[in-house]
Amino acid sequence: MTEQKPRDPDGFHQHLHDIQDLLARQQLVESLEHRQNMPHRALVETITHKQNLARLSRKLERLHPADIARILEALPLADRWFVWDLVRADKDGEILLEVSDAVRATLLRTMDPDELKAVAESLDADELADLAPDLPSEIVQDVFDSLDQKEQERVRAAMSYPEGTVGALMDFDMVTVREDVTLEVVLRYLRRFEALPDHTDKLFVIDRDDRLHGVLTLESLLINAPETQVGQVMKSRSLVTFGPDDDANVAATAFERYDLVSVPVIDDDRRLIARVTIADMVDQIREESEAEIFSHAGLREEEDIFASVIQSVKNRWAWLAINLVTAFLASRVIDLFQDSIEKLVALAALMPIVAGIGGNAGNQAITMIVRALAMGQVEPSGMWRLLRKEAGVALINGLVWGGVVGALAWWLYRDPSLGLVMTAAMTLNLLLAATAGVLIPLIRQRLGRDPALGSSVLITALTDSGGFFIFLGLATLFLL
C-alpha cells in the first residue's frame, strides 16, 4: 500500500521545507570555513557561498509576499533575520503588513532608518496607517510630510479610527464615475488604468460633492449597450453601506451574509470616503478568531513562537498567577473537609470527576455565549432566556450523567447513599457551571472588557472550588 502524503494545497509546507533545506546547506558551508585548510579554500568557499545565496534569493523571488511572511513566522530568529536580509526591498512593505505583530517587531529591529523610510514610502495611505504605530514617529512624520494634501487627509482619516472599526480597515483605492455619462465613456475611462484596484466588482456612482448615488456592477457595465447612461443601469436601492465608526465584526457578518466583495464607506452626509473589501474582512475574521483562541488561554496578545524566554513569560504570567490563586483556593476548600476525606477515602477518588465535568460544561457554555456575542446575537434583554436555557441543559445532563456516575459509584463502593450524593453533586455543579458560563462573558462585556479573555480560567476555578465544596459538603451532611 502506497503511503499517501498529506495535502498541501497552497504548497506552503514544500516552500518552507525548501527554504529550511537551503538554510541548512548555508550553515554547513559556514561551518566548513573553520574546519578546512586547503589550497584555494577561500575561493571555493566564496563560490559555494554565493551559489547557495543565489538559490535562496531565487526561491524567495518566486514566492508571494504572504508566503514569505508565513515562512518568516516559522523560522527561528537567526534564520528569520538571514532570510529577511535576502528578501527584495520592494517586497518589504507587503511582507511587514502580512506578518503577525510579534514577528513584525523582530524584523523592524533589524532595519536602519533609511530602510524603514523606503518601506513607508512604498505603502498606500491605508497601509501606511496600519504600519505607522510600529514605525519610529520621526520616520512616519517625514513620510507624511512628503505626501500630497489628499494622501495626507487619507492617512489622517485612517489613523483616526480605533482598531475594530470599519474606518481602520478602509481602502481608498477605488473607481468612481458619474451617473450622467454613458457606459462607453466609462469603458474608455477604465482602459486608461494600468490595472483596476484589487477586488473591484463594482464602480461607485457619485455626484460633484462626492455623495454616493449608487453602484455600477461590472456585470451591468459589460452586458448593457454602450450608449446606455450609468444612471439607467446603476443600482441605487437597498445598497449595503457602512459608516467608518461601524463595528468591523458586524461588517464581517454582513459580508458573509450577503456574499459581498466590496462595500462603500460613507459619512453622515452620504459622502463616499472609501471602501472595504473581502480581503479586509478575511483578515478581520482571522485576527478575531486568533484573538479569541489566545483569550481563552488567558494570553494577552499573539506571541512569536520563537520569542525570548523573558518576552514569553511577560505575555503569560498574569493569568497563570490568577490560576495559581484559584488553585490555592480550591486546595483550601479540600482542606476544610480533610476529616471527611480521612473517614471516607472514596471521596478523594470521586471529587475530581465532579470538578472536571463542571469545568467542561462551563467551557461549552462560555464558547457558545462568546460566539453569540461576536455575532451580535445576544442582547441584554435575552440574558434571562439564555440562563433558563443553559440551566435546563445542565439539569438534564446532570441527572443523566450524574445518574450514570452515581450508579458506578454505588457499584464500586457498595454504597447507594454515595451514589445519590454523587448524582446530586454533579447536577448542582453543572448548574453552577452553566450559570457562570453565561454570566462571566456577559458581565465582562458590560464592563467593556474582552468577554473571551481568561473566561476559561475563571470558569475552571469556579467549577473546581464549587464542585469540591458541593460534593464534599453533601458527603459530610448525608454520609458521615
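Start by selecting residues 113-121, helix α7, and residues 137-146, helix α9: the two pack at an angle of about 45°, with their axes 10 Å apart. That makes α7 oblique to α9. Before moving on, know that this is a predicted model, where local features need pLDDT of at least 70, side-chain atom pairs count only at pLDDT 80 or more, and totals for chains, interfaces and linings use all residues. Residues are numbered from 1 along each chain as its sequence is written, and side-chain values use heavy atoms, with hydrogens and water left out.

Helices (H or I, at least four residues) and strands (E, at least two) are DSSP runs, numbered from the N terminus. Axes are lines fitted to C-alpha atoms, for helices over the stretch in contact, and angles run from 0 to 180 degrees between N-to-C directions. Under 35 degrees is roughly parallel, over 145 roughly antiparallel, 65 to 115 roughly perpendicular, and the rest oblique.

Stay with the pair and show side chains. P113, L116, K117, A120 and E121 in α7 meet I139, D142 and V143 in α9 (contact means heavy atoms within 4.5 Å). By class, this contact of α7 with α9 has five nonpolar, no polar and three charged residues (Ala, Val, Leu, Ile, Met, Phe, Trp, Tyr, Cys and Pro count as nonpolar, Asp, Glu, Lys and Arg as charged, and the others, Gly among them, as polar).

Next, select helix α4 (residues 77-86) and helix α6 (residues 101-108), which pack at about 65° with axes 10 Å apart. That makes α4 roughly perpendicular to α6. Pick out L77, R80, W81 and W84 in α4, which meet V103, T106 and L107 in α6. Those residues divide into five nonpolar, one polar and one charged.

Now go to helix α20 (residues 416-446) and helix α21 (residues 455-479), whose axes come within 9 Å and cross at roughly 150°. α20 and α21 are therefore roughly antiparallel to each other. Their contact has 19 nonpolar, seven polar and one charged residues.

Last stop: which residues line the second largest pocket? Select K150, E153, R154, A157, F172, M174, T176, I206, D210, L272 and I273. (On a 1 Å grid over the protein atoms alone, a pocket is an open set of points where a 1.4 Å probe fits, with protein on both sides within 12 Å along at least five of seven lines; lining residues have an atom within 4 Å of a point.) The largest share of the lining, four residues, comes from α10. By class, the lining has six nonpolar, one polar and four charged residues.
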